[in-house]
Amino acid sequence: MIKTIATTPYADQKMGTGGLRKKTKVMMQPNYFENFIQSIFNTVGDMKGKVFVVGGDGRYYNQTAIQKLIKMAAANGVKKLIIGQNGFLSTPAGSHLMLKNHTNGGFILSASHNPGGENGDFGIKYANETGGQVPTSVSDKIYANSKNISEYKIYDAPDVDLSKLGTVKLGDMEIEIIDSVKDYVEMMQEIFDFDALKKLFKSGFTMRFDAMNAVTGPYAIRIFEEILGAAKGSVTHAVPLPDFGGLHPDPNLTYAKHLVDFMFSDKATDFAGANDGDGDRNMILGRSFFVTPSDSLAILADNYRYIPAYKNGIYGVAKSAATSTAVCRVAEKNNLPCYVVPTGWKYFVNLMDSKRITLCGEESFGSGSSHIREKDGIWAILFWLSIIAATGKSVAEITRENWKKYGRSYYMRFDFEGLETDVADKLMADLENKLPALAGQKFGTYEVSEAAPFVYNDPVDGSVTKNGLVIDFTNGSKITYRLSGTGSSGATLRVYLERPEYKDLEEDTLTMLKDLLKIAMDVAEITKRTGKTKADVNT
Ligand code: VG1
Ligand code: CO
């Protein structure tokens with residue numbers, strides 16, 4: 001039976017950089033989740049004939065939320081849902097299913113790299129028929145709807161058993177429960193040369209993959225251990241847990257420190273990688289060697305010819321503005337266009353759909369290609385393994401070669417967390433006002449060439465997005481300031497520093513960025529305004 005339930009709006013259901021993210025307890029408030037989902041359905045309009053993919057990263061509240069979503073979809077007239085077994089789907093696997101099945105989009109229930117559990121975060125990523133998260137024009141409409149919502153529809157029925165593969169019905173709606181891993185693995189086998197990778201492991205190559213107790217464990221075990229023959233136990237933290245076992249599922253130098261320490265110890269394997277909560281981010285390590293995500297993207301772009309799916313050529317590449325310019329240097333020498341977009345994967349979608357780009361990435365440990373419309377953690381690791389298999393070189397050798405060929409961008413991101421929203425907003429507003437006067441100013445050996453907000457004109461849909469403030473220097477260095485759009489409380493100021501060098505390639509990153517960091521702190525008056533003398537997270 002379909003029930004119509006009266007509800008009152010919540011004022012804060014505005015999507016950020018990657019969907020709606022809130023404290024789990026906020027999401028668990030009466031009708032909170034339901035309001036948001038109904039606002040999406042109201043915005044999409046007629047549900048007749050519509051098919052959606054549904055899954056999540058297994059975090060706390062996933063099971064409850066998925067059951068609500070199923071019952072609401074049935075009550076709203078959706079034709080069919082395709083759901084990962086037990087409600088599990090990584091974000092990339094979800095995007096792939098959306099494209100493969102020509103669906104109208106889907107829902108990945110995840111707060112991605114944010115911590116999980118009852119006291120952590122919960123989130124919803126909503127994608128449209130592109131298989132990518134909806135553009136701001138759509139999320140704005142959903143937000144507007146959520147502020148006026150007065151009722152939602154839900155099917156009054158027992159929970160659906162998501163453990164059994166096959167098709168069941170709820171009212172008129174079909175529910176197909178599928179193997180969460182199978183289609184994704186098949187896609188990876190089409191992109192990469194699995195035989196070459198099997199040979200690599202047969203030759204004694206060792207790796208460690210850290211799934212951070214999140215969604216990619218089952219994918220990684222199937223691909224790396226069972227199919228490619230990596231030693232048993234190569235995949236660690238492989239069982240998805242509702243609270244990620246207390247790990248912060250963000251694969252970076254701070255939150256995956258255990259893996260970094262392992263790779264800098266004498267027990268290190270030849271290669272290591274890690275993914276985030278929903279499997280779209282990746283970290284790459286070699287023996288005593290860390291590859292920055294910006295360098296990683298440049299290296300993938302320079303080595304696409306080794307991958308069967310790309311060997312006949314790629315359209316172009318793209319990066320977010322905050323990402324280092326390393327990939328654009330590679331593109332330039334290879335006569336490829338290099339697009340620069342705002343932070344957030346959704347900005348790459350139009351470029352992929354219009355065949356302007358094939359590869360893209362962000363400094364925040366995300367890289368991917370047009371095989372899907374999300375970033376893809378395991379894909380990135382398979383890409384790296386393929387380069388290693390083809391060249392016989394180590395992670396460090398491959399990276400150093402890239403620096404020699406194209407120069408090295410010393411790069412680091414500094415996060416100032418837990419700021420009061422007013423303080424952070426005022427800091428950014430005042431800084432923006434200061435920018436025009438900065439051009440031509442000298443700070444030690446650094447001279448500002450240009451200082452302005454980053455503005456993106458989407459070449460496909462003509463939309464204009466302003467995101468972040470950028471100070472460029474005459475020596476090619478760059479400071480970018482942004483406020484995070486994925487947090488669930490307070491504000492996080494991100495300061496991104498880049499310094500390209502063509503001669504001194506083996507220096508310490510923090511040392512090389514010391515002066516630039518001081519300029520960045522001083523110009524924005526970070527200590528004076530926030531009381532912080534240093535960042536909370538460097539990555
Ligand atoms: C962060 C990253 C951004 C990424 C986004 C979603 O956003 O900086 O590059 O696209 O997270 O990633 P922000 O607004 O907090 O800087 V995921 O893996 O959490 O979906
Ligand atoms: Co993620």
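Trainee: In this predicted model, are Asp250 and Arg281 buried or exposed?

Mentor: Both Asp250 and Arg281 are buried, a term that applies under 20% relative accessible area.

Trainee: What makes Asp250 and Arg281 a salt bridge?

Mentor: Their closest N and O atoms are 3.2 Å apart, and the cut-off is 4 Å, so the pair qualifies. Asp250 sits in the loop between β11 and α9, and Arg281 in the loop between β12 and β13, 31 residues apart.

Trainee: Why is Lys22 called buried while Asp12 is called partly exposed?

Mentor: The relative accessible area of Lys22 is 15%, and buried means under 20%, so Lys22 is buried. Asp12 has 32%, which lies between the limits of 20% and 50%, so Asp12 is partly exposed. The two residues form a salt bridge, with the closest N and O atoms 3.7 Å apart.

Trainee: Why are helices α10 and α14 called roughly perpendicular?

Mentor: Their axes cross at roughly 80°, and angles of 65 to 115 degrees count as roughly perpendicular; the description therefore holds. The axes come within 10 Å. Residues of α10 that meet α14 include Ala298 and Ile299, with Ile398 and Trp403 among their counterparts. The contact comprises 5 nonpolar, 2 polar and 3 charged residues.

Definitions and conventions:
Residues numbered from 1 in each chain as written. Chains lettered and ligands numbered in written order. Predicted model: local features only at pLDDT ≥ 70, side-chain atom pairs only at ≥ 80, totals over all residues. Heavy atoms only, no water. Axes fitted to C-alpha atoms, helices over the stretch in contact; angles between N-to-C directions. Helix = DSSP H or I, 4+ residues; strand = E, 2+ residues; numbered from the N terminus. Parallel < 35°, antiparallel > 145°, perpendicular 65-115°, else oblique. Contact = heavy atoms within 4.5 Å. Nonpolar A, V, L, I, M, F, W, Y, C, P; charged D, E, K, R; others polar. Salt bridge = Lys/Arg side-chain N within 4 Å of Asp/Glu carboxyl O. Buried < 20%, exposed > 50% of the residue type's maximum accessible area, 1.4 Å probe, protein only.
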